[in-house]
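Open the model in a viewer and keep the selection panel at hand. The stops below each give a selection and then what is found there.

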Amino acid sequence: MTPRKIIIDTDPGQDDAVAILLALASPDDIEVLGITAVAGNVPLALTQKNARIVCELAGRADLPVFAGCDAPLSRPLVTAEHVHGKTGLDGPVLSDPTMALQDRHAVDFLVDTLSREPSESVTLVPIGPLTNIAAAFEKAPGIIPKVQEIVLMGGAYFEVGNITPAAEFNIYVDPEAADIVFKSGVPLTIMPLDVTHKALVTAPRIEAFRQIGSEVGHMVAAWTDFFERFDKEKYGSEGAPLHDPCTIAYLIQPDLFSGRRINVEIETGSELTRGMTVADWWGVTDRAANAHFVGDLDAEGFYGLLTDRLARL
Ligand code: BDR
Ligand code: CA
């Protein structure tokens with residue numbers, strides 16, 4: 001089978017880093033056309049740098065990395081250093097990347113790349129706030145039919161919010177961007193907290209990363225170890241959710257996941273529930289389905305796949 005062409009839009013973030021590594025470790029399944037960085041977990045100057053650190057760690061200094069929007073479409077940026085640390089990739093000691101950042105703006109890369117590709121041929125994988133994707137759709141609506149699918153991490157319904165009681169971080173940061181993307185008509189697969197909170201990185205799973213014995217294994221163990229402390233304390237669970245790699249694992253092995261095709265809309269008006277993903281799970285409205293909203297996964301299968309693939313780098 002030809003590998004699926006994707007663009008990863010990201011705000012690394014330790015879990016973003018693991019998602020990028022999983023994609024780069026899976027060239028038979030996935031061809032990464034480029035990585036676009038967005039402001040989110042930490043400001044853009046750090047997310048674009050972190051994306052390059054991760055590419056170099058995977059031995060892919062040739063992969064183009066672009067810096068995109070440094071703030072949401074119409075609101076001030078909210079960041080999450082309290083979860084990811086000051087650098088966004090706190091945990092192991094990191095050196096500055098040597099590979100260059102591309103000159104072009106990430107939004108222009110998205111527009112140019114999608115413009116020249118055939119219809120429904122490129123999958124977008126946003127794992128941060130949706131600012132870059134929405135800005136590209138607004139700038140050049142003609143690219144929308146070129147997108148095969150958007151597989152994103154964001155939102156929450158039964159699991160409720162992680163940045164406010166109602167909202168998940170990625171959607172909360174730029175709800176107007178999310179609204180544009182959710183109404184774009186592109187087939188959406190959504191990995192909300194409902195599923196990512198079942199993908200817990202426990203001590204034995206971190207140890208399995210370490211046992212890989214490579215630099216990648218060591219880094220992923222150190223990142224997930226750092227990440228785990230905060231979330232373990234917050235949720236009182238046996239490990240922290242490893243959110244963003246669920247998107248890439250879904251592209252490689254969709255049968256690890258289950259969900260429903262439903263209508264999902266974004267709250268942009270209320271301050272109290274800003275960024276809430278209003279998911280019609282029970283079909284109580286006649287609003288047309290616009291998303292495959294994932295609710296469950298085979299966590300053992302997911303961690304087996306992840307550890308196996310990371311060992312290939
Ligand atoms: C999402 O927010 C970020 O902190 C993580 O990287 C993930 O994309 C989880 O709410
Ligand atoms: Ca992220």
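Begin by selecting glutamate 207, which is partly exposed because its relative accessible area is 32%; here buried means under 20% relative accessible area, exposed over 50%, and partly exposed in between, with a 1.4 Å probe and protein chains only. Helices (H or I, at least four residues) and strands (E, at least two) are DSSP runs numbered from the N terminus.

Before moving on, note that this is a predicted model in which local features need pLDDT of at least 70 and side-chain atom pairs count only at pLDDT 80 or more, while totals for chains, interfaces and linings use all residues. Residues are numbered from 1 along each chain as its sequence is written, chains are lettered from A and ligands numbered from 1 in the order in which they are written, and side-chain values use heavy atoms, with hydrogens and water left out.

Select glutamate 265 and arginine 287 next. Their closest N and O atoms are 3.8 Å apart, which makes the pair a salt bridge. This pair links distant parts of the chain: glutamate 265 belongs to strand 10 (residues 264-266), and arginine 287 to the loop between strand 11 (277-279) and strand 12 (291-297), 22 residues apart. Glutamate 265 is partly exposed at 30% relative accessibility, and arginine 287 is partly exposed at 37%.

Go on to arginine 312 and aspartate 308, a salt bridge with its closest N and O atoms 3.3 Å apart. Is arginine 312 buried or exposed? Arginine 312 is exposed, with 52% relative accessible area, whereas aspartate 308 is partly exposed, with 40%. Then select Arg75, Glu176 and Glu271, which are joined into one network by salt bridges that share partners. The count for the model is 15 salt bridges.

**Ligand 1**

Select ligand 1 and the residues that have a heavy atom within 4 Å of it. Those surrounding ligand 1 include Asp15, Asn41, Met153, Glu168, Phe169 and His243. For polar contacts, look for pairs of N or O atoms within 3.5 Å; within protein, one must be able to donate a hydrogen and the other to accept it, and residues adjacent in sequence count only if both atoms are side-chain atoms. Show the distances from ligand 1 oxygen atoms to side-chain N or O atoms: 3.0 Å for aspartate 16, 2.8 Å for histidine 84 and 2.9 Å for asparagine 162. On its own, ligand 1 has 280 Å² of accessible area, and the protein covers 97% of that. These areas come from the Shrake-Rupley method with a 1.4 Å probe; for residues, only the protein chains shown count as cover.

Asparagine 170 is another residue around ligand 1. Asparagine 170 lies in helix 6 (residues 169-173) and is buried, at 4% relative accessible area. A polar atom of the asparagine 170 side chain is 2.9 Å from the backbone oxygen of methionine 153.

**The calcium ion**

Which residues coordinate the calcium ion (ligand 2)? The donors are Asp11 (OD), Asp16 (OD), Asp16 (OD), Ile127 (O) and Asp244 (OD), at 2.2 to 2.5 Å. Donors are N, O and S atoms within 2.8 Å of the metal (3.2 Å for Na, K and Ca); water is not among the atoms, so sites may look incomplete. Along the sequence, the donor residues follow the spacing D-x4-D-x110-I-x116-D. Aspartate 16 is in helix 1 (residues 14-24) and isoleucine 127 in the loop between strand 4 (122-126) and helix 5 (131-139), so this pair ties together parts 111 residues apart in sequence. Aspartate 16 is buried at 0% relative accessible area, and isoleucine 127 is buried at 1%.

**Cysteines**

The model has 0 disulfides, a disulfide being a pair of cysteine sulfur atoms within 2.5 Å. Cysteine 55 is buried at 0% relative accessibility, and cysteine 69 is buried at 13%.

Notes
Salt bridge = Lys/Arg side-chain N within 4 Å of Asp/Glu carboxyl O.
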